[in-house]
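Please look through the sequence and the model before reading the points below.

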Amino acid sequence: MIDVSAPPAYVPHRSPGLTAIYNQIKGSRVNHVLDLGMSSAKSFNFFSQLSCKIRFESLNDLFQEEGFSDPLLERLDQHFDHARLLDHYDLILTWDLLNYLDLPGVERLMSKIIPLCRPNTLIHSVRYLGSDIPRLPQHFQIVDQYQLLVSAPTDQAPRLHNSHDTARLLRLVPSFYLEHTYLNFDGMIPGLMENVLRFQPQKSLLRHRQASDELADTETIYAAASIQPSRDTHRSPALQRVFKEIATAEQPAILDLGPKTRQNYDFLHSLTQNIYAENIYQELQIQAAEPRFKAHMLNYPKHLRFDVVLLWDILNFLPPSAIEELFRRLRPHLHAGSVIHALVYSGREIPEIPQTFVLRTRGELEIATAAKRPASEPLISSRLLKLMKTFCLAETFVFQPGMQRGIYEYLFRLQT
C-alpha cells in the first residue's frame, strides 16, 4: 500500500545553468526574480541571501489537467492578466513548463513574459530530450548555486508536443539570445538540458561577463552535437605565432567566433581578460531561410578594436555571401596590427559540421572530430581573398611537423 502522506521524493541535479546565473547576479545589490514554478522555501532562502526579491507564480497548477492546448492557453492569459506583475525582473525561471506547450503556446507565453523583462534579463529553462517525459511539470528547488532538487515523476508519458529544438524556439522569440546550453555535465539528470537565454530587445551584443561561467566542456560538445567521441591532436604553428605576437601587449582584445568551450575560455583568460565570444555559425544556422547576418550579429561598440580574431574552421561552412559580409563587419573593429586566424580544409573530404578545437597550449590543439562528407569546391586562398576585398593573406602554414593532413592555417591582415 502506498503511503499517501509520505513527502514526495526528490532527485539531486547538478545545475551549471544556475551556477552561471549565480555568477552574474551575485555582485548586484538587488535583483528581482520571477519563478513561474511552485513556491519553495529552499529557493526563497537562496535568493534572499543574495538580497533578491523573489515572486512565485505556481503555474504548475494550470497544467494539472491533461489535454492542455486552448483551455490551458486561456488560463495562462487570464493568470497573467490578473497577476498584477507590475515589475521588471532580472531573472525569470520557467523550469520545464515549455515542454508542455506547443510552439504557438510557447510563443504566447513568451509574449506575456517579454513585458516583464528589462534589457539583459536572464531566462532559465529546462528541456526534456526523451520521447517520454514526466506527465506533469515537476517541482524544482534550489539548494545552492550548484545544486537543485527535482521532484521525481510518479509516471512518464509520451510527450503531447514534439520536442522544441533550441533553434526553432529562438526564431519564435527574436528578442532573446542563447547565452548557454548545458547537457551531460557530471551530476546532471540524464536527458535533461538547461538553456539560459538573455533578453536583448535591441540585440546589441556587448561583451558578456564570462569570467566565472561554466562554459561547455568537450564532453558536453560530443554529446550535444553528435560528434564522434574521438580526438586528434594538431600542432598549430600559426596560433603559436599569434600568441607570441600579443604576449607583450597589455590586455589584448580577442574575439572567438567558434563554439564556446570552458577550456578555451580558461586558456584565453590566462592571456587577457578582454575576451569576446560569439558563435557565428550557430547564429546563422538557426535561421530558416538562407543564412544572413542580422543587425545584432558582430554588433560591438564603435571604439572596440580586436587584436586577434579566431575563426577556426567556420569559413568552410559559410556561403560566399556570408564570408563577404563577415569580413565587412569585422573590418571596423580591427587596427593595422590585427590578425585573423582561420583553418581551411583541403582534400576530397571535409567534416559535415564545424569541428571543435580545444586549446591545450599556445601551439597545440585537440580536435573533437566530426563525421566526414565529400568535399565540393575547395576553399582556396585566391577565392577567399576575392571575398575579403580589403584583407590580405599574411602567412600560410601547411605540412609542418605535427599538423594534421588536409588542414591549412591562414593568417589574414588588413591591407596597408
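Leaving aside residues up to four places away in sequence, L257 touches E278, N279, I280, L298, V309, L310, L311, I314, L326 and L330, where contact means heavy atoms within 4.5 Å. The model is predicted: local features need pLDDT of at least 70, side-chain atom pairs count only at pLDDT 80 or more, and totals for chains, interfaces and linings use all residues. Residues are numbered from 1 along each chain as its sequence is written, and side-chain values use heavy atoms, with hydrogens and water left out.

**Nonpolar cores**

- A nonpolar core is a set of buried Ala, Val, Leu, Ile, Met, Phe, Trp, Tyr and Cys residues joined through side-chain atoms within 4.5 Å.
- Buried means under 20% relative accessible area, exposed over 50%, and partly exposed in between (1.4 Å probe, protein chains only).
- The largest nonpolar core has 62 residues, and L257, L311 and L326 touch the most other members.
- Strand β16 (residues 334-345) gives the most to this core, with seven residues.
- Another core, of 57 residues, lies apart from the largest one and includes L50, C52, L72 and L91.

**The chain as a whole**

- The chain has eleven helices and 22 strands; helices (H or I, at least four residues) and strands (E, at least two) are DSSP runs, numbered from the N terminus.
- Of the 416 residues in the chain, 53% are buried.
- Among contacts between residues at least 6 apart in sequence, 71% join residues at least 24 apart.

**Aromatic pairs**

- The structure holds 17 aromatic pairs; rings of Phe, Tyr and Trp (its six-membered ring) pair if their centres lie within 6.5 Å, and planes under 30 degrees apart count as stacked, over 60 as edge-to-face and the rest as tilted.
- The ring centres of Y276 and F306 are 5.4 Å apart and the planes are at 80°, so this pair is edge-to-face.
- Y276 is in strand β14 (residues 275-277) and F306 in strand β15 (residues 306-312), so the pair ties together parts 30 residues apart in sequence.
- Y276 counts as buried at 10% relative accessibility, and F306 is buried at 0%.
- One aromatic cluster is formed by F327, F391, F399, Y408, Y410 and F412.

- I353 sits in the loop between β17 (349-351) and β18 (356-361), and counts as partly exposed at 30% relative accessibility.
- I353 and F317 are 36 residues apart in sequence and 7.3 Å apart in space, C-alpha to C-alpha.
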